[in-house]
Amino acid sequence: MIVCDNVTGTDAARYNVTSDCALFDFFIYTVASGSLCAFGLVGNAVSFTVLWRDRAGGGATSFLLRAMAVADSLVLVAAVPLYVLSPLALAQMPGASSTYIGIYYAAMPYLWPCYLIPYTGTIFLTVLVSLQRYFAVCRPYSSVGSCNKRQMRIHVAAIVVFAVVYNIPRFFEYTHFEYCVGLNQSRNAFGISAFGSNQTYRIVYTNVMYIVVMHGGPLLCLGFLNVKLIKALKERQRKRAEMGKGGYQQDITFVLIGVICVFMFCQTPTMVDHLLWTFVDDSLRQCGHWHYYYTAVGDFLGILNSSLNFVVYVLASRRFRQNLVSSCGGPYKPVALRMDERTQANAG
């Protein structure tokens, strides 16, 4: 406990959260984001199960989609203490015990990197599955042997290692401390550490590298791949319409286009928000100003991105819907593939 015998009120005002902002945080983080986390965890579990049981269509793409479901689930699990439970402690609400608040603020500096590790994995898995689909659809001959399930397992393992190593510095960015709110009264808080406030670190790691590695680079890559996949899908639809055929490859490509569109929609505001944190005045980040609310919306969209893939699968994939109904309605009955489609599925 710090000694609070000369309090001017500046410290208390610095961390004060008005009742309106506390209500806004409670709604968007605890209610809306909490509901998304619950829905997303159930949806990802169902997606993983359906994709796992779809043995006839199981291949590299199916494996990568299951890996994405795991990464998204870890993001949502980490988001619960970081975002969903945060209004209770940050606003120092009457229902929050002092023990809970103390534990929360002590853990808060470590919750952020624990969230960023699977978050990084989700980003790079989305890029990987898009690249795999691009080569399988647009360059099938050059991808033979390099886009099989064994190679994808190696790539996924490399992404896991990279996600952990890349985010190790995040564990030292923030620290827990106490501040005075009155005579012999203090509250818990967390703030940036000396390491995290180092100017070189802020410029190189938290700004340049974060934007290039975590957002700008992946978004540009996915934008390019999405255009190519859409063109390939239209061409394949035209050819199959002429031949009177449908296809598994068309189905899974359509799913990936949906996943990429959701990713770009949800992650672009987050990248913009990171830029705003670099250039916008600190006063606009305080409770009641527009950047305060924009950051909350960006956080919400990040959680939304990890919760919606199940919806994309249901809406975009006839095969997934059939296998889902089969899984829920009794003994597993895989949807049959024609011989040409089965060969393509095993390769892709």
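Leaving aside neighbours within four places in sequence, serine 47 is in contact with Phe310, Tyr313 and Phe320, where contact means heavy atoms within 4.5 Å. This is a predicted model, in which local features need pLDDT of at least 70 and side-chain atom pairs count only at pLDDT 80 or more, whereas totals for chains, interfaces and linings use all residues. Residues are numbered from 1 along each chain as its sequence is written, and side-chain values use heavy atoms, with hydrogens and water left out.

**Overall architecture**

- From the N terminus on, the order of elements is α-α-α-α-α-α-β-β-α-α-α-α-α-α.
- Of the 348 residues in the chain, 47% are buried; buried means under 20% relative accessible area, exposed means over 50%, and partly exposed lies in between, with a 1.4 Å probe and protein chains only.
- Among contacts between residues at least 6 apart in sequence, 75% join residues at least 24 apart.

**Annotated transmembrane regions**

- The unreviewed UniProt entry places the feature "transmembrane region" at residues 26-51, 63-90, 110-131, 152-169, 208-230, 251-272 and 292-316; the positions follow the numbering used here, feature names are shortened, and annotations may be inferred rather than shown by experiment.
- In the model, residues 152-169 are 83% helix and 0% strand, and the end C-alpha atoms of this span lie 28 Å apart.
- Residues 251-272 are 100% helix and 0% strand, with 32 Å between the end C-alpha atoms.

**Nonpolar core**

- The largest nonpolar core has 66 residues, and those with the most contacts inside it are Leu65, Tyr115, Tyr119 and Leu125; such a core is a set of buried Ala, Val, Leu, Ile, Met, Phe, Trp, Tyr and Cys residues joined through side-chain atoms within 4.5 Å.
- Helix α3 (residues 60-84) supplies the largest share of this core, 14 residues.
- Not counting residues up to four places away in sequence, tyrosine 115 touches Val75, Ala78, Ala79, Leu82, Tyr83 and Gly302.

- The largest share of the lining of the second largest cavity, 4 residues, comes from α3.
- The lining of the second largest cavity divides into 4 nonpolar, 3 polar and 1 charged residues, where Ala, Val, Leu, Ile, Met, Phe, Trp, Tyr, Cys and Pro count as nonpolar, Asp, Glu, Lys and Arg as charged, and the others, Gly among them, as polar.
- Serine 47 lies in helix α2 and counts as buried because its relative accessibility is 1%.

**Residue pairs across the sequence**

- Tyrosine 104, in helix α5 (residues 98-138), counts as buried at 5% relative accessibility, and tyrosine 104 and leucine 88 are 16 residues apart in sequence and 9.8 Å apart in space, C-alpha to C-alpha.
- Valine 165, in helix α6 (residues 149-166), counts as exposed at 51% relative accessibility; valine 165 and isoleucine 117 are 48 residues apart in sequence and 8.8 Å apart in space, C-alpha to C-alpha.
- Valine 227, in helix α7 (residues 199-243), counts as partly exposed at 44% relative accessibility, while valine 227 and isoleucine 257 are 30 residues apart in sequence and 9.0 Å apart in space, C-alpha to C-alpha.

Terms used. Helix = DSSP H or I, 4+ residues; strand = E, 2+ residues; numbered from the N terminus.
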